[in-house]
Amino acid sequence: MLNTNVTSFRKNMFRILEQTIKWGEPVNISTKDGNAVVISEDDYNGLMETLYLSSMPDVKNAIIEGLNTPISECIPENEVQW
């Protein structure tokens, strides 16, 4: 995560935003009143989707079960039927 103050952010806004969008690097901007974090729209949408899926108990449990399944018990990607 890139850390900067609001003055530096203002001076380098285009470069910093471009870096955030292209490389997905969040930016922590410090001000006298507190901090703000800037993330790309793709990262934001991913976070919102994760929160949404995590709010559904059945989906959350299926994800946890999948994470705990050993690779040896998984089927190859080319054999998955959608």
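**Entry 1: the strands**

I begin with what a strand is here: a DSSP run of type E with at least two residues, numbered from the N terminus. With that in hand I looked up Leu2, and I found Leu2 in strand E1. I note at once that the model I am reading is a predicted one.

Strand E1, residues 2-5, pairs with strand E2, residues 27-31, in the parallel sense, and I read four bridges between the two. At residue level, Leu2 has Val27 as its bridge partner in E2, and Thr4 stands opposite Ile29 in E2.

As a reminder to myself, strands of a sheet pair through backbone hydrogen bonds, and they do so either parallel or antiparallel.

**Entry 2: the sheet as a whole**

In what order do the strands of the open sheet stand? I read the order as E1-E2-E3, in an open sheet of three strands with mixed pairing. E1 and E3 each have a single partner strand and stand at the edges, so one side of each has no neighbour in the sheet. Ignoring direction, I find that neighbouring strands of this sheet are turned against each other by 25 degrees on average.

How many salt bridges does the count come to? I find one salt bridge, in which the side chains of Glu18 and Lys22 meet at 3.6 Å, N to O. Both Glu18 and Lys22 lie in helix H2, residues 13-23, and they are four residues apart, which is about one turn of the helix. For accessibility I noted that Glu18 is partly exposed, with a relative accessible area of 31%, whereas Lys22 counts as exposed at 57%.

**Entry 3: Ser40, between E3 and H3**

Is Ser40 buried or exposed? Ser40 is found in the loop between E3 and H3, and I record Ser40 as buried because its relative accessibility is 6%. Not counting residues up to four places away in sequence, Ser40 touches Thr20 and Ile21.

**Entry 4: a nonpolar patch**

On the surface I looked up a nonpolar patch formed by Tyr44, Leu47, Met48 and Leu51, which together have about 400 Å² of accessible area. Of these I checked Leu51, which is found in helix H3, residues 41-54, and which counts as exposed at 56% relative accessibility.

**Entry 5: the segment after H4**

Last, I followed the chain into the segment after helix H4, residues 57-67, where Pro76 has its place. Asn68 lies in the segment after H4 as well. With 60% relative accessibility, Asn68 counts as exposed, while Pro76 is partly exposed, with a relative accessible area of 40%.

I took down one distance for each of these residues. Pro76 and Asn3 are 41 Å apart in space, C-alpha to C-alpha, and 73 residues apart in sequence. The C-alpha atoms of Asn68 and Phe9, with 59 residues as their spacing along the chain, are separated by 42 Å.

Definitions and conventions: Residues numbered from 1 in each chain as written. Predicted model: local features only at pLDDT ≥ 70, side-chain atom pairs only at ≥ 80, totals over all residues. Heavy atoms only, no water. Patch = residues over 30% accessible without salt bridge, like charges linked within 9 Å, V, L, I, M, F, W, Y side chains within 5 Å. Areas by Shrake-Rupley, 256 points an atom, 1.4 Å probe, with all protein chains shown as cover. Salt bridge = Lys/Arg side-chain N within 4 Å of Asp/Glu carboxyl O. Buried < 20%, exposed > 50% of the residue type's maximum accessible area, 1.4 Å probe, protein only. Pairing = 2+ DSSP bridges. Axes fitted to C-alpha atoms, helices over the stretch in contact; angles between N-to-C directions. Contact = heavy atoms within 4.5 Å.
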